Amino acid sequence: MAPTTAPHSQRKRRRPALSCEQCRRRKVRCDRNHPCANCLRSDPRSCHYVDTDRKTLVAHDQVIDLAPTSFSKSSPPLDSSIRPDDVQFSGLLDVDALQSSGSSLASPTVVQHSKTSHVPVDLQAGSLVQSLTDRVRQLEKKLDEILNLQPPDGCPSQPPIRTREHSSINGRFLKTRFFGNSHRSICEHRSSEVPEIQVLYERCKQLARTAKSQEIIQQNICPDLRDYMPPKQTSDRLIQAYLRTFESVYRIVHVPSFLREYDQYWKDPQTASPAFIVMTLLMLAIGNSFCQSGDPDKDYVPRSTSSQWVYTAQTWLSSPFEKSRLNIASLQTQCLLLLARQTNGISSDLVWISAGALLRTAMHMGFHIDPRHIRGISFFDAQLRRRIWHTILEIIVQSSMDAGGLPLIHCDDYDCEPPLNIDDAQMEDSNQAKPLEDFTSTSLQIVLQRSLSLRLQVAQFLNDFRRGTSYDEALQLSKSLTNIYRESSALFDAFKNSGKAPTVFQSNFYDLMTQRFLLALHDPFAIKAKTDPTLYYSHKAALGVSIRILAPFSTSIPEDPDYTALLLTGSPSFRDVPTQAAAVVADDIIGRITEEQINTSVSAPHTSYPLSHGDSKHVVERFVSCALARVESGETNIKGYLVSACFLAQIEAMERGRLIDEALSRTILSVLQRCSKVLEDRFNWSHSDDL
């Protein structure tokens, strides 16, 4: 008889951790809510609970599916440590179906857990079904109390709507729209107990709404589009402003061909096509954004005229769509329309919606397919198609970041190659590309295209509502982008040695278009770095990127009037990104002052910063002045000016040892009074013109 082996002694199970990770690390009492009270005061997104069976973190933005059809070895049993508050349903369970499937619950996993029990297996399965049923009913009741789900009358058997809490998605709902993480609110809601501040703030909001409503032009379209064209001298000045700014970055037209047709128009306007006139009006509208600082009595075009040109083009494009509109001129007009809306602030926050129609039109025309697949296509047409396609992609990725929306396309969805490095004049008589180190009219588009696929991935990573914010993935994307930007920076240095270099506007605009992706990646983690030292790299990276974005406000580079005009009159994307960068720099200054007040050790290590305290403060001061000038130039949103002024007031109060709350209250009151006066004067001026 074989000797019997003693039963294996069971190891004592550790008590499951019910407190969140942050409270356990800080050794403070946790109320076990999600998020708990302690994390709610510091950072709600850092509130995590540990699943002791799977040894994984269960974050509040994850969805836990509690509706398995059967158990298996790969599906662990339900953990009683998971509280109903932590569970977010993708759908409610059918209790009757669960009870009728009791035989399927007697899986090997259940039998394995029942080996040491003397209760029959069928009774164990029955008790498990009953316990699961009771638990599901409790969870459904709890979920119904939270979400207040009420079935419609007369439809008691209708399955409930699948819903998730707002905190379970990557993004947020605001009014009637959903924004991903790349769309960052530049002003946190801060309540104030001062009645005068509340009254002034509401007054400013009301005046802003009134100003926006008056911007809507309700004029009939002229029967002849030529009636909208300004005199030739004014038109020449605005066309040149467009060509030296946006056309040098967004390649849309072949400049020599356009100028020939433009000269022909002034010789015989009757021969011009409506499509050419509409394209010219949009170029005039974009160029006028850079000519608002001239003499009002000499060739000055008011912004209302630019708005009329944009509305005219929008109406012309919105006419019944015919197959005759599926041509290159139509795509060029749509690209110009979206850029004109951005530079003139006409529904610029909705450009991402229209960009989707532009993308689908281009793909329907086959622009996403490289011209080498098209038999018999000329070299000129092939290069023009490549330029337009990559311009459309740039509009898509930039508008995606502005709106906090998905980029709508993946790099695997197209194979169109970048255009060759040639000037416009070469497209007509030569097909020989220049070296990349030689600066041409296509160089900036080529440099932007080198990082396009990665920037599409960043926009997808930030704005996908089903994905969490993985720090490892953010670091990997940041590293890849930084390497490409470093190569591009070396290429810009080579341009300077070639005898023909980018203008100051082109360099500043390129930095704004590219560095914003790194800032969007690191800024959310940089905010958490105050309480989590492991994220300090993101703070350092966000600070460096912010200083590069705000370089035009420093004394390191000369001031460019075109770029300054873009910041003053451009769309919110040209306001929000610098405002976010200014907030990072100001927050860093506040952190330095705090460290100086706390750290009094003479042996403390020296910490080097990209800019000195005085230089950083000077950048913030110049940005505050620019934000005020933007409001005076027609901006109706005062949040950028208000937030930056409050940052500056807090810095000055900490430097002088004064009470911060009092300084902020005085600053808020002063800013609102000034903005209210500006908006009232604008309202009175526009009202007098109507009379």
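1. The structure is a predicted model. Helix H15 passes H17 in a right-handed crossing. H15 covers residues 443-450 and H17 covers residues 471-497; their axes come within 10 Å and cross at roughly 165 degrees. An angle over 145 degrees counts as roughly antiparallel, and H15 and H17 are therefore roughly antiparallel to each other.

2. On the H15 side, the contact with H17 is made by Ser443, Leu444, Val447 and Arg450. H17 contributes Ile484, Glu487, Ser488, Leu491, Phe492 and Phe495. By class, the residues of this H15 and H17 contact are 6 nonpolar, 2 polar and 2 charged.

3. H15 also packs with helix H13 (residues 379-403), at an angle of about 55 degrees and with the axes 11 Å apart. H13 and H15 are therefore oblique to each other. The crossing of H13 past H15 is left-handed.

4. Which residues of H13 and H15 meet? Arg387, His390, Thr391 and Glu394 are the residues in H13, and Gln445, Leu448 and Gln449 are those in H15. The contact of H13 with H15 divides into 1 nonpolar, 4 polar and 2 charged residues.

5. Helix H7 (residues 232-244) packs with helix H8 (residues 255-267) at about 170 degrees, and the axes of the two are 12 Å apart. H7 and H8 are therefore roughly antiparallel to each other. From H7, the contact takes in Lys232, Ser235, Asp236, Ile239 and Leu243. From H8, the contact residues are Val255, Phe258, Leu259, Tyr262 and Trp266. The classes in the contact of H7 with H8 are 7 nonpolar, 1 polar and 2 charged.

6. Across the whole structure, a search finds 19 aromatic pairs. One of them joins Tyr265 and Phe276, with 6.5 Å from centre to centre and 45 degrees between the planes, which makes the pair tilted. Tyr265 lies in helix H8 and Phe276 in helix H9 (residues 274-288), so the pair ties together parts that are 11 residues apart in sequence.

7. For residues 19-49, UniProt lists "domain: Zn(2)-C6 fungal-type", in an unreviewed entry. In the model, the end C-alpha atoms of residues 19-49 lie 7 Å apart.

Technical notes:
Residues are numbered from 1 along each chain as its sequence is written. This is a predicted model: local features need pLDDT of at least 70, side-chain atom pairs count only at pLDDT 80 or more; totals for chains, interfaces and linings use all residues. Side-chain values use heavy atoms; hydrogens and water are left out. Axes are lines fitted to C-alpha atoms, for helices over the stretch in contact, and angles run from 0 to 180 degrees between N-to-C directions. Helices (H or I, at least four residues) and strands (E, at least two) are DSSP runs, numbered from the N terminus. Angles under 35 degrees count as roughly parallel, over 145 as roughly antiparallel, 65 to 115 as roughly perpendicular and the rest as oblique. Contact means heavy atoms within 4.5 Å. Ala, Val, Leu, Ile, Met, Phe, Trp, Tyr, Cys and Pro count as nonpolar, Asp, Glu, Lys and Arg as charged, and the others, Gly among them, as polar. UniProt positions are given in the numbering used here, feature names are shortened, and annotations may be inferred rather than shown by experiment. A crossing is left-handed if the near helix is turned anticlockwise from the far one by less than a right angle, and right-handed if clockwise. Rings of Phe, Tyr and Trp (its six-membered ring) pair if their centres lie within 6.5 Å; planes under 30 degrees apart count as stacked, over 60 as edge-to-face and the rest as tilted.
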